[in-house]
Amino acid sequence: MIRLPGRRSRPRVYVTRQLPGDALDRLREQAQVDIWGDDLPPPRDELLAALAEAEGLICLLTDNIDAGLLQEAPNLRAISTMAVGYDHIDIEAATANGVLVTHTPGVLTETTADFTFALLLSAARRLPEGERAVREGRWSSWSPSFLLGRDVHGATLGIVGLGEIGLAVARRARGFDMRVLYHSRTRKPAAEEELGCVYVGFDELLDESDFVSVHLPLTPETRHLFGDAAFERMKTTAIFVNTARGAVVDEAALMRALESQAIAGAAVDVAEVEPLPRHDPLLRLPNLLATPHIASASVATRSRMAEMAVDNLLSALAGETPAHCVNPQIIDT
Ligand code: DGY
């Protein structure tokens, strides 16, 4: 059952952070908007207080919108997250409470695929180590065996999860003459035909790939998919890339694999717990490249994500079916 609009003409909306671009100006024209102005996510007490009143919520992947919070949100009709992944929202509880949930797929696909390739290339060619060597005065001479990396061109890339972002990564791989293997819930005949992607089982992908790149949502099935067994199967020369969600990987297992050089390296934009603590043992490893969840962080893409989050929310609050609704079934019931 969907919650119907109240009598108030301008609904009350809470936004958990300032957003890039001018999307929030547009929101202000149609809603009474309260914005959490801090750089860090609002604490739970603040969210509880805001949701006691709000009809709409724009949140980020850093906000944990759980069942307890939803129970204390009597007027809430729609949650719009400025993210494609919505594992930070209890969708079942939102649906049971008649609250529509929307997200921002599509707009960040190419930007995220660009960044995936940036990570892959950087890890393969040891860019961070090279940069540090220059700054720290360790570039003594051109040397035949200084910082030797792995070739990307002609190598085999294994993509786990061939959704939109996985496909965009596969398109880029073609430009590098890579052989692309993929493993996905469903086979993608168009990708096989047009991009030459080859469907293989998960184990075969791990056995064969020089680079393994993950593009899966975080679900109970994908949590810790990459554990000891997966890393042990991979080539000792392989590089693992994760721009999806940290918890798809068992970080303790990744640590063991990198330390024992069961794999050559990893480049990760996401962590099981974000931010990755400064003194996390993973950060002591020279064969790990870590970035702070910025794969979609281009000026244009983040502005488009904000626009889409506002459009989704306004359309939900107007009683329409938003374009990117996660639980549209509640509209029919
Ligand atoms: C998302 O949208 O889910 C990404 O992780 C951040 O852009």
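The count of salt bridges comes to 20, where a salt bridge is a side-chain nitrogen of Lys or Arg within 4 Å of a carboxyl oxygen of Asp or Glu. The model is predicted: local features need pLDDT of at least 70, side-chain atom pairs count only at pLDDT 80 or more, and totals for chains, interfaces and linings use all residues. Residues are numbered from 1 along each chain as its sequence is written, and side-chain values use heavy atoms, with hydrogens and water left out.

One of the bridges joins arginine 12 and aspartate 34, at 3.4 Å from N to O. Arginine 12 lies in strand E1 (residues 12-15) and aspartate 34 in strand E2 (residues 32-35), so this pair ties together parts 22 residues apart in sequence. Helices (H or I, at least four residues) and strands (E, at least two) are DSSP runs, numbered from the N terminus. Arginine 12 has a relative accessible area of 27% and is partly exposed. Aspartate 34, at 33%, is partly exposed. Buried means under 20% relative accessible area, exposed over 50%, and partly exposed in between (1.4 Å probe, protein chains only).

Arginine 172 and aspartate 114 meet at 2.8 Å, N to O. The former sits in helix H7 (residues 164-175) and the latter in helix H5 (residues 109-124), so parts 58 residues apart in sequence are tied together. Aspartate 114 is partly exposed, at 44% relative accessibility.

A salt bridge of 3.0 Å, N to O, connects the side chains of arginine 256 and aspartate 228. This pair links helix H11 (residues 251-259), which holds arginine 256, to helix H10 (residues 228-233), which holds aspartate 228; the two residues are 28 apart. Arginine 256 is partly exposed at 42% relative accessibility, as is aspartate 228 at 30%. Shared partners also join Glu110, Asp114, Arg171 and Arg172 into one network of salt bridges.

A ligand oxygen lies 2.9 Å from a backbone N or O atom of glycine 85. A side-chain N or O atom of histidine 293 is 2.7 Å from a ligand oxygen. For the side chain of serine 296, the corresponding distance is 2.6 Å.

Conventions. A polar contact is a pair of N or O atoms within 3.5 Å; within protein, one must be able to donate a hydrogen and the other to accept it, and residues adjacent in sequence count only if both atoms are side-chain atoms.
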